[in-house]
Amino acid sequence: MKEYLKGCVLLSFLLILGCGGMRSTVDVDQLAADSLRIARATDHYLSGALLDFREQYKAAIHEYHRALTYDSSSAQILKAIGRDHLRLDQYKAAVRYLKRSYANNPEDRETLFYLADAYYSLDDSEKTIASFEKLNKVDPYNTAVHANLIYLYSRGGQLDRLVRLREDIVQRFGYRDDSVYQLFSLYMQMKAYQKAENLADTLLALDNGFARNWALLGSARQALKDTSGAMAAYRKVMRLHPPTDNTIVRMYHLLADGKEWETAVEVLTPLIDQPQVKDKARHFLTESLMELGRFDEAEEVVSPLLNRAGFKAKAHHLMGMISLGQGQQEKALNHLRRFTGLEPWNTEAWEGLALTYLQDEDYQNAILVLEEALVEKLESPRLLSLYGTSLARVERKEEALVVLRKAYSFEPKDINTIMALSTIYEDLGRYQDLDSLYETALIVYPGNPLLLNNYSYSLAQRGKDLQKALQMAAEALKFDPKSAAFLDTKGWVYFKLGEYDKAQEYIGKAASKSDDDPVISDHLGDVYFQLGDVEAARRNWQKALEADPENEAIQRKLQTK
C-alpha cells in the first residue's frame, strides 16, 4: 500500500511540474534517474509546503531552492519561491521568480495574481495593470480581477481603458447586472452623452417599466440639451414611481437652464401637494415665480417653508429677495437678517444682505454687514470683493485696494473683482498695475467687451498705445454696436489720434443714444471745439455741467473758451 501511495505522489508531482514528455523509446536507466530526481524534488517541495503552513517562509524558500536543483524549470516551485518572497516583502526577488514561473506556465492564474501584487508593492502601476489584464484574459469572469483593474484605471485616470473594461463586463454578465449603471455613470463622466443615451435606450428595451432606466434616459437627454425629450423621460419617472427630490432637482435644473419658467411653474405647481417632495417643489416653484416677476404669488408659495426646519433659512432668503422685488426694503432687510442669524456660516446670507444695502446706496451699512461677516471668518472672495467695492464708494480707496487685492489673490478669475480693482488702480494712478491686470484678464476672457472697452478708454485717456486702444474699442463694438459707452470710447480714441471727424461720428452716435451722460456730452463738446464750432462745443459742455454740476474741469472750459 505504501509503495502504491508513493507512486501516486510521484505521478501527481510529475503532472504538476510538467517534466519531460513521453518518449517513443523507453530508456530504463533514464526513467529511473528521472523518477529519483522527481522524488527528491517532491520531498523538498512538500517540506517547503509544510514550512509554509507553519509560516516559516525563509526556511520554506530554502527547501524550495533545494527542490529547484532537481527541477530548475518547474513553474510550481518557482511560483512558490516568488510567493514566499512576496510574503516577506522582498518584492524584487518575488518578481524575478514569478516571471520565470509565468514564462513556463503563462496560463497560471495564481502566478499572475502574485505578479500583480508584487508590482503594485513596487509602485509600478503599468506592470501591475499589465499583469491583471493578462489574468483577465485567462479568467474573464473573475470579479476580483475586475475590481482591481477598475481601481487601477480610476486611480490613474485611464478612462478609456476603464470604459472598455466596463463594456466587456456588461457584455459578459448582461444588462441586468449593476455594472451597467456604473458604465452609464462613466459615459456621463466622460461626456459621452450619446453613448449614455443609447445605453439607456437598451435598458428600456429590456424593461420599460423600471423608473430608474427612464431617469437615466432623462439625464442623458438633459446633457444632450434635448429639453423636451428629457422632460418626457422625467414625467415618465413620476408616473412609474412617486416623485423624489432627486427627480425634482433634475427637472428644475433642466428647465432653469433653458429659462423655461412658465413650464417650470406648470410642472411644479401640482407637486407642492405631494408629501414626499412638497418642500423642494415649493422652493423651486418660488424661484420660478420670482423669475417671472410674480412676487405676490411667490410669497404665498414660500410662506409655509418659514416654519419648516430644513427650509427655514432658505425661505427667509427667498422672502428677502421677494420683498426687494416688491420694493419693500425694510421687510427685505428683516428677512435677510433672519437668514444670517440662522446660517451665520453661509456666505450667501451675508452677500444678500450687503447687496440690499448697496442697491439702496447705503454704503456704510453695507460695510458694517460685511465687516460682521469677516469677523465670522467668512473670507470668501465674493464677500471681500463686495467689501472692497463698498470701501471704494466712500472714498476709502487705499483700504479698498488692500481688500480687493486679497479677493483677487483668492479668485483671480472673478470678473466683478477684476472690474472693481481696475477702477481703484485707475483712481490711484497705478497704471502699471492696471495694465498688467487688464492684460492678464484678457488672457482669461479674451473677448470680454467690457474689459476691452475699459482698457481701451484707459489707454486713450493716457494717450498711450492708441492703435491698440482703437483695435480693442472696435472689438468691443462688434459685441454691441449700439452701446453708447462703446461708441464713445472708439470716438475718444479717434479724438486722441487727432481724427476729429471720425471722433464726431462715433461720439455723436453715442450722444444720440444717451442724452444725459455728462462724459459723452463733455467729449462731444471737445470734438466740436477742435472742429472750430465753439457754439456747439459750449452747448454740449453746458449740457454736461447740468448733469454734473460739481465738475470743475467743465466749469473751466466754459469760463475760458
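In which loop is E395 found? I looked it up: E395 is in the loop between α22 (381-393) and α23 (397-410).

Before going on, I noted the ground rules. This is a predicted model, in which local features need pLDDT of at least 70 and side-chain atom pairs count only at pLDDT 80 or more, while totals for chains, interfaces and linings use all residues. Residues are numbered from 1 along each chain as its sequence is written, and side-chain values use heavy atoms, with hydrogens and water left out. Helices here are DSSP runs of H or I with at least four residues, numbered from the N terminus.

**Positive phi**

I checked the backbone of E395. Its phi is positive, about 65°, although E395 is not a glycine. Most residues other than glycine have a negative phi. E395 is exposed, with a relative accessible area of 57%. My cut-offs: buried is under 20% relative accessible area, exposed is over 50%, and partly exposed is in between, with a 1.4 Å probe and protein chains only.

I then went to D89. It too is a residue other than glycine with a positive phi, near 60°. D89 lies in the loop between α4 and α5 (91-104). I find D89 exposed, at a relative accessible area of 52%.

**Helix α4**

Helix α4 covers residues 75-87, which is 13 residues. From first C-alpha to last it reaches 18 Å, close to the 18 Å expected at 1.5 Å a residue. The expected span is 1.5 Å times one less than the number of residues.

Is α4 mostly covered or mostly open? It is mostly covered, with 11 of its 13 residues buried. Among the buried ones I listed I77, L78, I81, R83, D84 and L86.

**Ring pairs**

I counted aromatic pairs next: the structure holds 10. Rings of Phe, Tyr and Trp (its six-membered ring) pair if their centres lie within 6.5 Å; planes under 30 degrees apart are stacked, over 60 edge-to-face, and the rest tilted.

I picked F113 and F132. Their ring centres are 5.9 Å apart and their planes meet at 80°, so I logged the pair as edge-to-face. F113 is in helix α6 (residues 109-121) and F132 in helix α7 (residues 125-138), 19 residues apart. F113 is partly exposed, at 38% relative accessibility. F132 is buried, at 6%.

F529 lies in helix α30 (residues 518-530) and W541 in helix α31 (residues 534-547), so the pair ties together parts 12 residues apart in sequence. F529 counts as partly exposed at 28% relative accessibility. W541 counts as buried at 0%.

I also found a cluster: ring pairs link Y252, W261 and F284.

**Helix packing**

How do α6 and α7 pack? I read an angle of about 160°, with the axes 8 Å apart. Axes are lines fitted to C-alpha atoms, for helices over the stretch in contact, and angles run from 0 to 180 degrees between N-to-C directions. That makes α6 roughly antiparallel to α7, a label for angles over 145 degrees.

**Charges over rings**

Last, I looked for charges over rings, meaning NZ of Lys or CZ of Arg within 6 Å of the ring centre and within 35 degrees of the ring normal. The charged end of R212 sits over the ring of Y181, 3.7 Å from its centre. The charged end of K509 is over the ring of Y506, 5.5 Å from the centre.

Terms used. Helices (H or I, at least four residues) and strands (E, at least two) are DSSP runs, numbered from the N terminus. Angles under 35 degrees count as roughly parallel, over 145 as roughly antiparallel, 65 to 115 as roughly perpendicular and the rest as oblique.
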